[in-house]
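Please look over the sequence and the structure shown below before reading on. The report that follows takes up the model topic by topic.

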Amino acid sequence: MERMIDLVGVQMDFGASKRGVNMGPTAIRYAGLCEGLEHMGFQVENLGDIVPAPKGATKPTLRNYEQVVDVNRRLYHTVYQSLKNGHFPVVLGGDHSIAAGSISAVSKFYGSIGIIWVDAHGDWNSEESTCTGNMHGMPFSAVCGYGPDCMVEFGQGAAPVNVAHCVQVGGRDIDDLERQRMAQAGVTVFPINMIDKLGMGAVIERAIQIAGEGTDGIHLSFDVDAITPEAVPGTGVIVYNGLTPREAFLAAEAIAESRKLISMDMVEVNPFLDTANKSGILASELIQSALGKSVY
């Protein structure tokens with residue numbers, strides 16, 4: 001892994017139904033992320049935040065799509081330039097719609113990547129299957145080329161990720177049509193009940209194999225709502241009975257030990273719903289663990 005980390009925030013909450021997650025990058029930074037990474041020996045370049053336009057076109061099945069697409073396009077170019085410079089991009093959200101831009105850039109740069117998508121939700125909806133029109137429920141589908149089309153390509157030609165190397169971990173609130181689309185596409189899913197049965201150690205080992213073997217590396221896209229809300233109250237879409245913090249850290253630590261991580265997102269921290277920045281602190285610590293912070 002490169003010792004130079006580019007940290008880019010995205011103040012995006014137009015992809016979600018609740019406002020406030022746009023302040024997530026600030027909360028994670030305030031939780032000591034830069035200082036922690038520097039203590040680990042990394043050089044950290046803070047690239048600031050991408051800020052969406054206050055208004056834009058929208059429609060019921062793609063809410064605020066103009067702002068979402070514009071932000072993803074700008075993020076795409078930022079992440080691509082980071083990789084071109086030989087750096088490791090860490091993207092702080094913001095809602096999960098931003099992963100369309102970050103992952104598209106990583107896929108375009110490397111050519112063959114795997115994705116580990118840790119989330120309570122599938123984020124595999126399209127304009128046709130969505131129940132809400134919220135675009136933070138669509139980016140995983142988009143980066144694999146399954147639409148919506150406006151989230152697939154950001155100026156340098158689409159580079160869809162091979163679904164054979166895509167893994168969803170921790171799902172427990174997946175829409176019916178979304179589930180059908182994921183099954184038809186061939187996404188590997190380790191829902192929360194399978195983690196209960198097999199244990200996170202076995203699940204994340206298998207996820208790393210699927211995403212990492214035969215690829216140039218793994219992009220980790222981590223939504224904090226994967227963790228049970230008792231531990232992470234500051235997130236917009238509460239789903240109970242999720243991962244324990246220890247299971248989340250075990251996954252992050254295993255990914256670090258694999259030495260296959262090439263980029264990552266940490267998203268959906270909403271400080272307006274949080275308690276004493278509890279969720280921002282946990283997100284900061286998870287990023288450091290995924291980048292190799294030692295527990296002993």
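## A salt bridge around Lys 293

Lys 293 is partly exposed, with a relative accessible area of 33%, where buried means under 20% relative accessible area, exposed over 50% and partly exposed in between, taken with a 1.4 Å probe and protein chains only. The side chain of Lys 293 meets that of Glu 285 in a salt bridge, at 2.9 Å from N to O, and Glu 285 is likewise partly exposed, at a relative accessible area of 26%. A salt bridge here is a side-chain nitrogen of Lys or Arg within 4 Å of a carboxyl oxygen of Asp or Glu.

## How the model is read

This is a predicted model, in which local features need pLDDT of at least 70 and side-chain atom pairs count only at pLDDT 80 or more, while totals for chains, interfaces and linings use all residues. Residues are numbered from 1 along each chain as its sequence is written, and side-chain values use heavy atoms, with hydrogens and water left out.

## The sheet

Eight strands form an open sheet with parallel pairing, in the order S2-S1-S3-S8-S7-S4-S5-S6. Strands are DSSP runs (E, at least two residues), as helices are (H or I, at least four), and both are numbered from the N terminus; two strands pair if DSSP finds at least two bridges between them. The edges of the sheet are strand S2 (43–50) and strand S6 (188–190), each of which pairs on one side only. On average, neighbouring strands of this sheet are turned by 15° against each other, direction ignored, with axes being lines fitted to C-alpha atoms, for helices over the stretch in contact, and angles running from 0 to 180 degrees between N-to-C directions.

Strand S3 (residues 88–93) and strand S8 (residues 261–267) run parallel and are joined by three bridges. Val 91 has Asp 265 in S8 as its bridge partner.

## Helices on the sheet

Helix H10 (residues 278–290) packs on the sheet, where it touches S3, strand S7 (218–223) and S8, and its direction makes about 175° with that of S8. Contact means heavy atoms within 4.5 Å. Helix H3 (residues 65–84) lies across strand S1 (4–10), S2, S3 and S8, and runs at about 155° to S3.

## Further salt bridges

By the rule given above, the count comes to seven salt bridges. One of them joins the side chains of Arg 19 and Asp 13, at 2.9 Å from N to O. Are these two partners buried or exposed? Arg 19 is exposed, with a relative accessible area of 52%, whereas Asp 13 is buried, with a relative accessible area of 3%.

Another salt bridge is formed by Asp 49 with Arg 29, whose closest N and O atoms are 2.8 Å apart. This pair links distant parts of the chain, since Asp 49 lies in strand S2 and Arg 29 in helix H1 (residues 24–30), 20 residues apart. Asp 49 is partly exposed, at a relative accessible area of 25%, while Arg 29 is buried, at 15%.

## Aromatic rings

A search of the whole structure finds seven aromatic pairs. The rings of Tyr 76 and Tyr 80 have their centres 6.2 Å apart and their planes at 10°, so this pair is stacked. Rings of Phe, Tyr and Trp (its six-membered ring) pair if their centres lie within 6.5 Å, and planes under 30 degrees apart count as stacked, over 60 as edge-to-face and the rest as tilted. Both tyrosines, Tyr 76 and Tyr 80, lie in helix H3, four residues apart, about one turn of the helix; Tyr 76 is buried, with a relative accessible area of 2%, and Tyr 80 is partly exposed, at 22%.

The rings of Tyr 76 and Phe 154 also have their centres 6.2 Å apart, but with their planes at 45°, so that pair is tilted. This second pair links distant parts of the chain, with Tyr 76 in helix H3 and Phe 154 in the loop between helix H5 (139–143) and strand S5 (166–169), 78 residues apart. Both Tyr 76 and Phe 154 are buried. Ring pairs link Tyr 76, Tyr 80, Phe 109, Tyr 110 and Phe 154 into a cluster.

## A buried loop residue

Asn 22 is found in the loop between S1 and H1, and at 18% relative accessibility Asn 22 counts as buried. Leaving aside its neighbours within four places in sequence, Asn 22 is in contact with Gln 11, Met 12 and Asp 13.
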